[in-house]
Amino acid sequence: CPHFMKNFLLPVGLLFGGLVLPATVLAQAPDLLNSLDPGSPSLGAGGAFSVTNADTFSTYFNPASLGYVTRRTIGTAYRNLPESRSRITGNFADPSFSTQTERGANRFTHFGYVQPIKGGGSFGLSYTLGGYLDDLRFGTGLQVGNLTLNNYSEQTTVQPSFYSLAYGRANKAGNASFGLALVLASQNVRNRVLGVLTNPDNSTTPFNNVNLSETGTGVGVLLGGQFSPTGAPNTSIGVSVRTPISLRGTGDTGGLSSRIPGVFRVGYATRVDSLRKGREDFLVYGLHLAQYFGG
């Protein structure tokens with residue numbers, strides 16, 4: 001099944017990605033800072049096969065899948081990164097939001113290389129943009145106690161990048177594989193705030209204007225396993241866990257983000273043959289669950 005998933009899901013992912021992405025790429029997920037799909041081959045299927053696919057993205061999602069990569073592989077991803085724009089009104093401490101998303105810049109979000117080695121297993125090296133936030137909040141006439149905040153704008157951009165060195169190896173039977181990755185995280189945070197406070201006597205003073213930019217770094221570990229249950233060779237189950245990553249160098253922006261949460265992932269993929277009697281057809285089902293912690 002892992003070999004089938006590798007060869008079949010790439011063209012299918014590209015096909016569904018082409019059909020679905022134009023309509024969905026502008027949708028803002030509740031937490032793109034963690035849940036952004038960097039553009040894996042299963043993006044068009046909602047990322048359902050991310051934990052069980054065997055490709056360069058395995059260095060980011062599940063290093064155990066590298067055990068099923070049998071030839072030198074190079075992979076890359078290029079996708080749109082959405083932006084959010086929020087007009088706020090009312091009380092500045094508890095405002096009302098009117099938010100819309102916009103199509104942002106197109107960027108390369110993944111470069112990966114996998115090299116099988118003699119004696120079994122494969123090493124992988126990759127860069128992956130694992131999250132993205134580009135949010136602008138703006139408004140005028142906002143109440144701050146007995147003052148009024150005018151021409152307020154706050155631009156926040158957060159980009160956590162992950163550099164992974166991974167190894168995965170399958171057993172001789174090919175029904176189980178285990179993997180390990182060392183992950184270096186580099187997260188850039190930019191925050192720019194502008195505004196003018198108007199006093200009751202119509203005099204003005206600058207609002208707490210700031211212009212900050214910092215890049216924090218930290219190291220984490222990613223562990224993974226993948227197996228096919230006994231008697232079910234067309235089924236793959238993958239599990240991976242990445243430790244939380246505390247960032248250094250965030251003295252000014254630590255209040256916005258100073259710790260990347262860990263993530264526990266479970267993936268399930270199965271192929272069902274002969275859906276229609278007398279025809280050689282099949283269908284692949286996939287499931288991907290992720291739980292974040294420690295952030």
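**Entry 1: the cavity lining**

I looked up the lining of the largest cavity in this predicted model, and I found Thr59, Tyr60, Phe162, Ser164, Val183, Leu222 and Arg242 there. For my own reference, a cavity is a set of points on a 1 Å grid over the protein atoms alone where a 1.4 Å probe fits but cannot get out, and lining residues have an atom within 4 Å of a point. Helix 3 (58–61) and strand 8 (147–170) are the elements that give two or more residues to this lining; helices (H or I, at least four residues) and strands (E, at least two) are DSSP runs, numbered from the N terminus.

I then sorted the lining by class and counted 4 nonpolar, 2 polar and 1 charged residues, where Ala, Val, Leu, Ile, Met, Phe, Trp, Tyr, Cys and Pro count as nonpolar, Asp, Glu, Lys and Arg as charged, and the others, Gly among them, as polar. The space in the largest cavity is about 30 Å³, and the count of cavities of 30 Å³ or more is 1. A volume here is the space filled by probe spheres set on the points, with grid points joined across faces, edges and corners.

I noted the ground rules as well: residues are numbered from 1 along each chain as its sequence is written, and side-chain values use heavy atoms, with hydrogens and water left out. Because the model is predicted, local features need pLDDT of at least 70 and side-chain atom pairs count only at pLDDT 80 or more, while totals for chains, interfaces and linings use all residues.

**Entry 2: the cores**

Next I turned to the largest nonpolar core, which has 18 residues, and those with the most contacts inside it are Phe162, Ala181, Val183, Ala185, Ile245 and Ile260. Such a core is a set of buried Ala, Val, Leu, Ile, Met, Phe, Trp, Tyr and Cys residues joined through side-chain atoms within 4.5 Å, and buried means under 20% relative accessible area, exposed over 50%, partly exposed in between (1.4 Å probe, protein chains only). Helix 3, strand 8 and strand 9 (176–198) each give two or more residues to this core, and the largest share, 3 residues, comes from strand 9.

Which residues does Phe162 contact, leaving aside its neighbours within four places in sequence? I listed Tyr60, Ser126, Tyr127, Thr128, Gly130, Val183, Leu184, Ala185, Arg242, Ile245 and Ile260, taking contact as heavy atoms within 4.5 Å. I also found a second, separate core of 8 residues, including Leu142, Tyr152, Leu197 and Phe207.

**Entry 3: Leu180**

Not counting residues up to four places away in sequence, Leu180 touches Pro63, Leu165, Ala166, Tyr167, Val221, Leu222 and Leu223.

**Entry 4: two loop residues**

I checked Asn202, in the loop between strand 9 and strand 10 (204–206), and noted a positive phi of about 70 degrees although it is not a glycine; Asn202 counts as exposed, because its relative accessibility is 63%. Ser274, in the loop between strand 15 (262–273) and strand 16 (282–293), has a positive phi of about 55 degrees although it is not a glycine, and at 52% relative accessibility Ser274 counts as exposed.

**Entry 5: the whole protein**

Finally I recorded that the protein has 3 helices and 16 strands, and that 45% of its 295 residues count as buried.

Notes:
On a 1 Å grid over the protein atoms alone, a cavity is a set of points where a 1.4 Å probe fits but cannot get out, and a pocket is an open set with protein on both sides within 12 Å along at least five of seven lines; lining residues have an atom within 4 Å of a point.
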